Amino acid sequence: MTTMQKQKKIAVRNCHEDPYIHLAGSVGSNEHFWRWGDDNLLPEALALLSRRSTVHRRIINDKADYISGKGFNCGDGEGLLRAFIEQANGHEESLRKVLNKLAFDKALFGNAFLEVVTDAAHSFLALYHQDASQCRVAKDDQHILIHPDWHHFRPAEAHSLPLWPLMEEQADGTLRAMVHYKDYEPLFSHYGVPPYIAGLDVSAIAYKTDRWNISRLDNSFQLSGVMMLDGAMSSEEEAEELIRTAERKFAGRPGQVMFMLKEGKENENSRFIPISSQNEGDWKSLHDQATSDIVVAHSWFRSLSGLEYSSGFSAERILHEYEVALNTVILGEQDELMEPIRRIIGEILKLDCSSLEIVNRPPTRSKPIYMRVWEARKADGLDYDPEDPEQQYYLSQIAKYNLKSIDPL
């Protein structure tokens with residue numbers, strides 16, 4: 001390690017004062033940024049949908065976890081690089097934690113934002129995740145605007161950061177820039193589009209069918225219908241109050257039972273007229289179809305989303321689908337997220353990042369950890385030698401050795 005590398009700091013400490021230079025003037029909001037969605041609030045709508053649809057949210061969580069892996073690995077002689085892996089910013093976040101937030105935003109919004117912080121001498125480097133829902137692309141296409149509440153945009157409350165590799169000095173003397181990750185979509189030049197865009201409707205269907213089941217549970221699965229109340233009232237106000245009282249005590253969720261008041265004949269009494277429904281099977285089929293479509297829209301797999309556990313836990317199927325996901329989704333997303341990070345570390349800290357890699361590990365094991373290496377090779381149909389000393393190790397010993405070489409965070 002050179003003397004210059006020893007003198008470098010890894011992460012900037014937190015600054016209690018606002019370090020950013022804010023926008024000035026009273027220029028209209030449309031003059032500052034490109035709208036994200038027709039009303040500029042598409043991120044809020046996508047975030048709300050992810051909180052309501054269980055399968056949709058599970059897939060986003062799992063994709064972020066698989067893409068950020070189990071940590072990072074690097075060469076034995078890269079002490080400064082390993083220190084940066086363990087603490088990537090002044091919030092004491094590891095590089096894996098920052099990457100996990102970026103992967104989550106990219107899976108949810110189709111966009112993610114990484115803030116780069118250093119100084120003119122490049123004496124330190126810090127990488128911060130920025131909440132994508134608070135970021136917008138400036139009209140010059142060279143800056144990102146950050147604002148805490150886009151419902152009520154005020155230029156004086158926003159601050160601007162240039163897109164990497166441009167860097168601008170801020171109020172605290174630091175140089176800062178923003179990396180904008182976005183999924184490509186034709187006709188969309190300023191923002192990316194999430195991969196599940198074709199599944200927005202089916203995500204809403206899954207949420208609504210769940211809500212329908214909740215409403216049935218709230219009503220103890222009682223029948224819907226019309227309750228005809230027999231009685232004569234002296235005024236409409238009195239009749240209205242009677243109906244409202246009955247609804248509060250007996251109707252369950254609003255709309256489950258409708259009360260009507262009429263003045264009946266001598267031989268007529270109050271009665272309940274049920275509204276029968278024979279479409280319960282259709283509702284279940286609709287929910288199942290919506291769930292399958294959500295998985296397809298995400299380019300994901302059912303067993304990795306926890307959807308096949310009810311029919312039996314199949315480790316072989318999980319491992320098979322994980323291998324497919326690794327080669328079709330996970331590795332590609334990892335390369336896209338890590339490419340600018342490697343370049344930034346190399347340019348600012350002057351470190352060789354060729355050995356920096358994400359540790360990927362399947363969610364389950366196909367072989368027990370008490371097997372020896374030669375036994376595992378035999379089970380896989382590979383050449384094996386029971387007398388080879390290197391094949392005498394237990395699989396648990398190999399796993400323990402690998403755990404020591406990765407970031408525990």
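**Entry 1: the chain as a whole**

I began with burial, and found that buried residues make up 42% of the 409 residues in the protein chain, where buried means under 20% relative accessible area, exposed over 50% and partly exposed in between, with a 1.4 Å probe and protein chains only. I am working from a predicted model, in which local features need pLDDT of at least 70 and side-chain atom pairs count only at pLDDT 80 or more, while totals for chains, interfaces and linings use all residues. I note too that residues are numbered from 1 along each chain as its sequence is written, and that side-chain values use heavy atoms, with hydrogens and water left out.

I looked up the confidence next: pLDDT, the predictor's confidence in each residue from 0 to 100, averages 78 over the protein chain, and 66% of the residues score at least 70. Over residues 1-6 pLDDT stays under 50, and the model has seven contacts for them beyond four places in sequence, a contact being heavy atoms within 4.5 Å. Residues 25-29 also stay under 50, with four such contacts. Where pLDDT is low, the predicted coordinates should not be read in detail.

I counted 11 helices and 12 strands in the protein chain; these are DSSP runs numbered from the N terminus, helices being H or I of at least four residues and strands E of at least two.

**Entry 2: the nonpolar cores**

I then asked which residues have the most contacts inside the largest nonpolar core. They are Leu125, Leu127, Ile341 and Ile345, in a core of 34 residues; such a core is a set of buried Ala, Val, Leu, Ile, Met, Phe, Trp, Tyr and Cys residues joined through side-chain atoms within 4.5 Å. At least two residues of this core come from each of α3 (54-68), α4 (79-86), α5 (95-109), β2 (111-118), β8 (175-182) and α9 (315-348), and α9 gives the largest share, six residues. Setting aside neighbours within four places in sequence, I find Ile341 in contact with Leu95, Leu99, Leu114, Leu127 and Tyr181. A second, separate core has 18 residues, among them Leu46, Ile60, Ala107 and Ala132.

In α4, I see that Leu80, Leu81, Phe84 and Ile85 are buried. These residues lie on the same side of α4, because they cover an arc of only 145° around the axis, the arc being that of the directions from the helix axis to the C-beta atoms.

**Entry 3: the four-stranded sheet**

I followed an open sheet of four strands in the order β3-β2-β8-β7, with antiparallel pairing; two strands pair if DSSP finds at least two bridges between them. Its edge strands, which each pair on one side only, are β3 (126-130) and β7 (168-169). Five bridges join β2 and β3, and the partner of Val117 in β3 is Ala126.

Where do I find buried residues in β5 (143-146)? Both faces are covered, with His143 and Leu145 buried on one side and Ile144 and Ile146 on the other. In a regular strand the side chains alternate between the two faces of the sheet.

Strand β4 (135-137) runs antiparallel to β5 and is joined to it by three bridges, with Val137 opposite Ile144. The two strands form a hairpin with five residues between them, and Asp141 in the turn has a positive phi of about 60°. β5 also pairs in the antiparallel sense with β6 (159-162), over four bridges, and I note His159 in β6 as the bridge partner of Ile146.
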